[in-house]
Amino acid sequence: MATISKKEWLRSLKFLLFSISAGIVQILSFTLFIEVFGLKEWIANAISMLFSVVWNFTINRKLTFKSANNITIAMLLVALFYACFIPLSSWLTNLANNAGINEYLVEAMVMVSNFVLEFLYCRFIVYRNSCDTAVKKSK
């Protein structure tokens, strides 16, 4: 059985903490769009999710994966993940809600699955061969 290095555990912890910060960005911006700007819920949700994904991508690319790979390709790969994840999770959420499962339990399960799947996708697809390739610029 393979063991996970200390470096990979630290990378996982960083991804968790930055993902939590992205969730905070999403909740705060959603609330701002609803309460201050009076946007419709689906518009506020779409924009706040976009903010969250961009925040999460930017901070994890730089600080978690420390990648120097092509930013456009990396961003397109993450967009591809969300192009699949969002419709699938919305469909499964609808099925679960129609089956009478508590919506907050369903939302928690979606958030956990998003965290796990996105970490694995980023680590082994997006940044597969480029972790720790970014060079620090000397001052």
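Helices (H or I, at least four residues) and strands (E, at least two) are here DSSP runs, numbered from the N terminus. With that in hand, let us walk through the chain. This is a predicted model, in which local features need pLDDT of at least 70, side-chain atom pairs count only at pLDDT 80 or more, and totals for chains, interfaces and linings use all residues. Residues are numbered from 1 along each chain as its sequence is written, and side-chain values use heavy atoms, with hydrogens and water left out.

Along its principal axes, the C-alpha trace spans about 50 × 40 × 25 Å. Of the 139 residues, 31% count as buried, where buried means under 20% relative accessible area, exposed over 50%, and partly exposed in between (1.4 Å probe, protein chains only). A contact means heavy atoms within 4.5 Å. Among contacts between residues at least 6 apart in sequence, 70% join residues at least 24 apart.

At the start of H3, a side-chain oxygen of Asn 70 reaches to within 2.8 Å of the backbone nitrogen of Thr 72. The buried residues of H3 are Ala 74, Val 78, Phe 81, Tyr 82, Phe 85, Ser 89, Thr 93 and Ala 96, and they pack against H2 and H4. Just after H3, Gly 100 takes a positive phi of about 85°.

Two residues other than glycine also have a positive phi. Lys 66, in the loop between H2 and H3, has a phi of about 45° and is partly exposed, with a relative accessible area of 34%. Asp 132 is found in the segment after H4, where its phi is near 60°; at 33% relative accessibility, Asp 132 counts as partly exposed.

Now for the spaces in the structure. On a 1 Å grid over the protein atoms alone, a cavity is a set of points where a 1.4 Å probe fits but cannot get out, while a pocket is an open set with protein on both sides within 12 Å along at least five of seven lines; lining residues have an atom within 4 Å of a point. Grid points are joined across faces, edges and corners, and a volume is the space filled by probe spheres set on the points.

The largest pocket holds about 970 Å³ of space. It is lined by 32 residues, and Gln 26, Met 49, Glu 107, Met 111 and Asn 114 are the closest to its centre. Helices H1 (6-35), H2 (41-64), H3 (71-98) and H4 (103-126) each supply at least two residues of this lining, and H1 gives the most, with eleven. Ala, Val, Leu, Ile, Met, Phe, Trp, Tyr, Cys and Pro count as nonpolar, Asp, Glu, Lys and Arg as charged, and the others, Gly among them, as polar. On that scheme, the lining of the largest pocket divides into 17 nonpolar, twelve polar and three charged residues.

The second largest pocket has a volume of about 270 Å³. Lys 66 returns here, one of the lining residues together with others including Phe 57, Arg 61, Ile 71, Met 75 and Lys 136. H2 and H3 each supply at least two residues of this lining, with the largest share, five residues, coming from H2. The lining divides into six nonpolar, two polar and four charged residues.

Finally, a search of the whole structure finds one cavity of 30 Å³ or more. The largest cavity has a volume of about 40 Å³ and is lined by Phe 15, Asn 56, Phe 57, Asn 60, Val 78, Glu 118, Cys 122 and Tyr 127. H2 and H4 are the elements that give two or more residues to this lining, and H2 gives the most, with three. By type, the residues lining the largest cavity are five nonpolar, two polar and one charged.

Notes: Polar contact = N/O pair within 3.5 Å; in protein donor to acceptor, adjacent residues only side chain to side chain.
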